[in-house]
There are 2 protein chains.
Amino acid sequence: MRFAAFFLDGASRAFNHRPTFSKLVVVLAASSGGLVAYADSKSDAESSQNAPKKKVVVLGTGWAGTTFLKNIDSSLYDVQIISPRNYFAFTPLLPSVTCGTVEPRSIVEPIRRVVNKKGADIKFWEAECFKIDPTNKKIHCHSDIGTNLDGTGEFVVDYDYLVIAVGARSNTFNTPGVEEHCHFLKEIEDAQKIRRSVMDCFERASLPYLSEEEQKRNLHFVVVGGGPTGVEFAAELHDFVSEDLSKLYPAIRDLVKISVIEAGGHILTMFDKRITKFAEEKFQRDGIEVKTGYKVVKVSDSLITMQNASAGEVSVPYGMAVWSTGIGTRPFILNFMKQIGQGNRRVLATDEWLRVRECEDVYAIGDCATITQRKVMEDISAIFKVADKDNSGTLTVKEIQDILEDICIRYPQVELYLKSKQMRGIADLIKDAKGDIQKESIELNIEEFKKALANVDSQVKNLPATAQVAAQQGNYLARCFNKMKYSDENPEGPLRIRESGRHRFRPFRYKHFGQFAPLGGEQAAAQLPGDWISIGHSTQWLWYSVYASKQVSWRTRALVVSDWMRRFIFGRDSSCI
Amino acid sequence: MRFAAFFLDGASRAFNHRPTFSKLVVVLAASSGGLVAYADSKSDAESSQNAPKKKVVVLGTGWAGTTFLKNIDSSLYDVQIISPRNYFAFTPLLPSVTCGTVEPRSIVEPIRRVVNKKGADIKFWEAECFKIDPTNKKIHCHSDIGTNLDGTGEFVVDYDYLVIAVGARSNTFNTPGVEEHCHFLKEIEDAQKIRRSVMDCFERASLPYLSEEEQKRNLHFVVVGGGPTGVEFAAELHDFVSEDLSKLYPAIRDLVKISVIEAGGHILTMFDKRITKFAEEKFQRDGIEVKTGYKVVKVSDSLITMQNASAGEVSVPYGMAVWSTGIGTRPFILNFMKQIGQGNRRVLATDEWLRVRECEDVYAIGDCATITQRKVMEDISAIFKVADKDNSGTLTVKEIQDILEDICIRYPQVELYLKSKQMRGIADLIKDAKGDIQKESIELNIEEFKKALANVDSQVKNLPATAQVAAQQGNYLARCFNKMKYSDENPEGPLRIRESGRHRFRPFRYKHFGQFAPLGGEQAAAQLPGDWISIGHSTQWLWYSVYASKQVSWRTRALVVSDWMRRFIFGRDSSCI
């Protein structure tokens with residue numbers, strides 16, 4: 001109990017009383033500070049000092065893969081990275097790239113440079129994995145580069161451990177016409193295409209002999225999805241139009257219209273209501289139309305059709321549309337899921353140690369997977385049995401306290417539940433179950449124990465698909481790999497509940513450091529842990545400093561900052577290249 | 001004679017004795033300093049103050065078109081620009097863009113920004129002209145932007161004066177396979193494709209299970225054409241490989257090969273022999289293979305086939321090829337030439353005032369046209385007649401001197417001839433024709449006059465297809481347009497030889513300020529007027545300062561300089577985007 005109370009108090013103190021900046025500069029940072037832990041039921045670690053190094057194959061060079069790569073000790077493993085992109089992209093700045101506030105090359109770092117900096121012998125192959133064969137521990141890849149590679153460009157790679165970090169794809173929810181007519185915003189190429197397309201719309205609308213109606217259609221920019229990406233893009237586009245393009249296209253500047261279409265009741269629903277309200281009001285002042293409660297059902301080359309509960313089906317002409325409604329699983333991952341018996345799931349599932357369920361030696365991190373947290377109620381009898389050391393059939397407070405630390409590590413929802421109910425420790429929980437009684441004399445039977453923990457599983461939530469989560473997972477997994485041998489003999493994890501002994505590592509635990517929503521006009525909103533909200537111009541400057549500090553190298557940091565300065569001085573470029 | 005002597009002496013003094021830098025900073029500058037002149041046989045200028053402004057339509061936003069645009073007085077004309085590119089590109093830096101020494105956006109300036117800076121009401125349309133109708137004074141355009149413009153995207157524009165400045169296209173000399181398999185280097189997009197392609201070759205060669213032969217093929221970079229562009233690209237690529245890529249691709253760095261294939265006997269033949277020799281020796285030291293005397297006859301997806309007088313036909317495998325052998329005429333210009341009776345020519349011909357021959361009110365500047373200089377010998381009888389004021393049948397020295405200034409302006413080859421023979425004036429010329437006699441007593445009959453001038457036409461040369469020429473032509477033509485009305489009444493040009501009176505303007509006269517050839521490794525060569533040669537590291541710094549000073553705006557200047565600095569500090573980016 002002491003541990004739990006300390007942890008909760010400490011955490012809440014940190015969130016509420018520390019200066020803001022020290023919290024913010026570690027947003028997205030992957031260093032979790034405390035001991036990280038890892039559990040593996042099989043003892044398949046290195047057998048001897050002289051054996052060849054085990055092969056770790058990493059798929060993907062996004063946040064998860066690159067952070068893993070930066071932290072893995074390549075003297076212990078033979079590491080290979082496979083990705084269709086030979087660079088890491090700082091994706092949180094992608095919306096800025098769409099309008100030229102930041103140049104695409106300023107936010108990318110060649111993966112070979114990352115490898116070089118480590119001074120490590122790590123192999124990189126620019127290729128795409130299209131099939132995983134977990135039975136034979138092989139992955140099948142093909143290279144998309146050029147057409148004149150001899151043969152089909154296919155090759156096979158063996159692995160001992162596989163780390164899947166391929167990210168996700170945009171989810172169209174099978175809406176007809178989206179693939180053909182909408183832009184996505186997941187890759188550098190997407191951002192470049194959007195930039196070109198925005199300029200094309202302006203040039204097209206400027207052509208002679210066009211009716212005003214036709215001009216208006218070309219200058220109607222539609223963003224489908226009111227999440228952080230869509231909202232940031234709409235804000236960037238509005239800035240681009242009002243600060244730069246209106247001077248260069250004076251004849252048509254009043255015909256520009258930006259719309260954000262959101263199926264839910266509000267935009268930015270994952271943020272605090274105050275931020276949502278501020279964003280909606282700011283967009284209204286800026287003339288950005290926010291259509292909430294509208295679901296897009298069809299997209300043609302010139303019309304977007306949407307449905308609304310009261311208005312029915314509405315079609316609006318548009319010039320360019322960006323689709324940003326959520327993420328889906330990549331096809332080859334779906335195939336892999338069928339192979340390993342996860343065919344009825346929508347996303348690849350891992351356990352709390354990021355191991356793919358029902359598949360040995362395969363790990364999945366980042367947007368391509370979700371952690372399925374074991375429920376307390378599934379294990380409640382086993383927990384009771386482990387805690388009940390004297391086999392009395394009842395638990396004393398001391399017995400519960402003895403096991404509570406392990407329980408909180410193994411089932412983080414217990415801690416979240418205590419926090420959400422503003423309980424200080426186990427005593428409060430028992431109070432709820434048993435009424436107000438003397439602490440020392442409590443004895444709980446299994447039914448009372450179940451009652452006390454009945455609601456904790458409501459706190460189990462999926463992690464958001466953010467860079468912050470992916471980076472923390474990559475870092476966690478690399479550290480587990482680095483001390484796998486040591487931890488085999490010195491397990492650090494919590495008590496095993498269903499089996500005997502301890503887990504090798506602690507399970508992965510996500511630390512949320514806050515999230516930004518830039519809203520244009522040099523204003524941003526930030527939501528930080530502890531319900532701390534910051535909105536306005538100062539938050540935008542905070543955003544600048546955090547995003548500059550979080551760059552992956554000094555090179556990209558210098559480039560991004562110089563891009564921002566350049567934009568301040570010269571504005572954004574409007575050339576169609 | 002005084003004029004000619006002064007001009008020649010002055011010019012030669014300036015070229016030989018002035019400090020180098022003051023000469024260099026005006027390289028490519030379009031301000032010619034002296035009075036520019038323009039001639040037009042028809043008096044079709046503005047009829048009255050109240051009449052609507054005449055429409056000047058400019059095709060193209062390259063060096064010629066943009067310089068014209070910057071200098072035209074838009075209060076006098078209704079100016080419209082039509083180009084498929086909505087920006088001006090500083091093309092001399094294109095080879096730097098191919099390897100990321102400079103970013104593409106750093107060398108482009110949106111044409112609307114140029115217009116905005118003038119504060120002028122000039123219209124720009126992003127479209128491509130596909131047909132000129134000189135009879136009805138109309139041009140037919142179509143827009144390539146997007147596919148969902150209503151109709152075909154075609155429109156027609158009327159003009160009173162048409163300025164063709166569309167540049168040239170790469171010339172494949174109908175070599176089979178070039179269009180399909182080779183890169184060109186004329187546009188920003190070309191440079192971007194080459195950059196991506198270089199990186200693709202490296203990533204392809206790094207793939208596992210490739211034979212060394214296959215790796216070598218992928219890493220064989222071929223440049224066809226040993227002109228300044230091809231040589232500069234080869235040098236840039238060599239720097240990119242040796243300074244940046246060799247660190248990131250250590251396993252394959254020794255397999256890289258760069259070849260320059262040139263049909264002639266040497267590379268950089270338009271430069272002084274000392275520069276050619278230096279370049280060839282430097283390339284040999286750098287390991288760049290220079291194959292002179294080889295003519296490429298066929299290109300397939302993996303082989304380049306070339307012919308050599310002694311070796312016969314040779315085929316070499318390659319990974320990437322850049323074709324840079326010269327320029328050709330655009331198809332719609334060829335059609336236009338047929339319409340106006342120039343069908344048997346290869347390039348659009350203009351007179352010395354940049355008017356398209358056999359076509360009223362149409363001008364052509366830059367790489368899309370050549371000036372056909374009238375020969376002295378064609379007009380020799382008429383010249384004699386004009387000079388022989390007293391109709392004596394013979395010319396005295398005074399009579400020749402009286403007309404010499406006009407002759408030198410109308411036929412610049414006379415001046416070039418005197419200079420090439422190191423003659424100080426007309427006396428020397430006559431000496432050649434008549435022997436050493438007392439100057440005052442000379443009298444020349446028509447045959448002796450013909451004999452004296454018999455060889456001057458050998459000095460007629462086509463201007464090179466450079467940015468320098470195009471910019472000077474654009475500037476010259478804009479100034480002519482600006483004072484067309486004044487010059488109608490106050491002709492400034494030389495005496496008409498076949499008709500009476502004077503020409504309205506002086507003909508266009510090109511001033512050569514020198515040319516650079518960057519050779520890689522921070523070394524460059526420069527050839528300046530007066531046979532002044534500069535080679536080495538200091539020349540590279542000169543190159544930096546000249547190219548920085550010649551940027552079209554402060555914005556691009558700042559960007560280009562910061563790109564250079566960035567390259568010095570961080571190296572070039574190798575991401576495949």
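The model is predicted: local features need pLDDT of at least 70, side-chain atom pairs count only at pLDDT 80 or more, and totals for chains, interfaces and linings use all residues. Residues are numbered from 1 along each chain as its sequence is written, chains are lettered from A and ligands numbered from 1 in the order in which they are written, and side-chain values use heavy atoms, with hydrogens and water left out. Chain A and chain B bury about 5100 Å² between them. The whole structure holds 69 salt bridges over all chains.

**The contact between chain A and chain B**

- Chain A brings 56 residues to the contact, and chain B brings 56 residues. Contact means heavy atoms within 4.5 Å.
- Carbon and sulfur atoms give 54% of the buried area of about 5100 Å². Buried area is the accessible area (1.4 Å probe) that two parts lose on being put together, summed over both.
- There are 26 residue pairs in polar contact between chain A and chain B, both residues being at pLDDT 80 or more. A polar contact is a pair of N or O atoms within 3.5 Å; within protein, one must be able to donate a hydrogen and the other to accept it, and residues adjacent in sequence count only if both atoms are side-chain atoms.
- Several elements of chain A each supply at least two residues of the side that touches chain B, including strand E4 (108-110), helix H7 (188-206), helix H9 (228-248) and helix H20 (554-570). Helices (H or I, at least four residues) and strands (E, at least two) are DSSP runs, numbered from the N terminus.
- Which helix gives the most to the side of chain A that touches chain B? H7(A) does, with nine residues.
- That side of chain A has 25 nonpolar, 10 polar and 21 charged residues. Ala, Val, Leu, Ile, Met, Phe, Trp, Tyr, Cys and Pro count as nonpolar, Asp, Glu, Lys and Arg as charged, and the others, Gly among them, as polar.

**Salt bridges**

- Eight salt bridges run between chain A and chain B. A salt bridge is a side-chain nitrogen of Lys or Arg within 4 Å of a carboxyl oxygen of Asp or Glu.
- One salt bridge joins the side chains of A:Asp573 and B:Arg555 (3.7 Å, N to O).
- Within chain A, A:Asp563 meets A:Arg566 in a salt bridge (3.6 Å, N to O). Both lie in helix H20 of chain A, three residues apart, about one turn of the helix.
- A:Asp563 is buried, at 4% relative accessible area. A:Arg566 is buried at 17%. Buried means under 20% relative accessible area, exposed over 50%, partly exposed in between (1.4 Å probe, protein chains only).
- B:Arg410 and B:Glu352 form a salt bridge (3.0 Å, N to O). The pair links distant parts of the chain, 58 residues apart: B:Arg410 is in helix H13 (residues 397-410) of chain B, and B:Glu352 is in the loop between strand E19 (348-350) and strand E20 (362-364) of chain B.
- B:Arg410 is buried at 4% relative accessibility, and B:Glu352 is buried at 2%.
- B:Asp402 and B:Lys389 form a salt bridge, with the closest N and O atoms 3.9 Å apart. B:Asp402 is partly exposed at 40% relative accessibility, while B:Lys389 is exposed at 63%.

**A hairpin in chain B**

- Strand E6 (residues 128-133) and strand E7 (residues 138-142) of chain B pair in the antiparallel sense over five bridges. Two strands pair if DSSP finds at least two bridges between them.
- B:Cys129 stands opposite B:Cys141 in E7(B).
- Four residues lie between E6(B) and E7(B) in this hairpin, and B:Lys137 in the turn has a positive phi of about 50°.

**Single residues**

- B:Leu453 lies in helix H16 (residues 446-453) of chain B and is buried at 7% relative accessibility.
- Leaving aside neighbours within four places in sequence, B:Leu453 is in contact with B:Val376, B:Met377, B:Ile380 and B:Leu429. B:Leu453 and B:Ile380 are 73 residues apart in sequence and 8.6 Å apart in space, C-alpha to C-alpha.
- A:Asp361 has a positive phi of about 60° although it is not a glycine. A:Asp361 is buried, with a relative accessible area of 9%.
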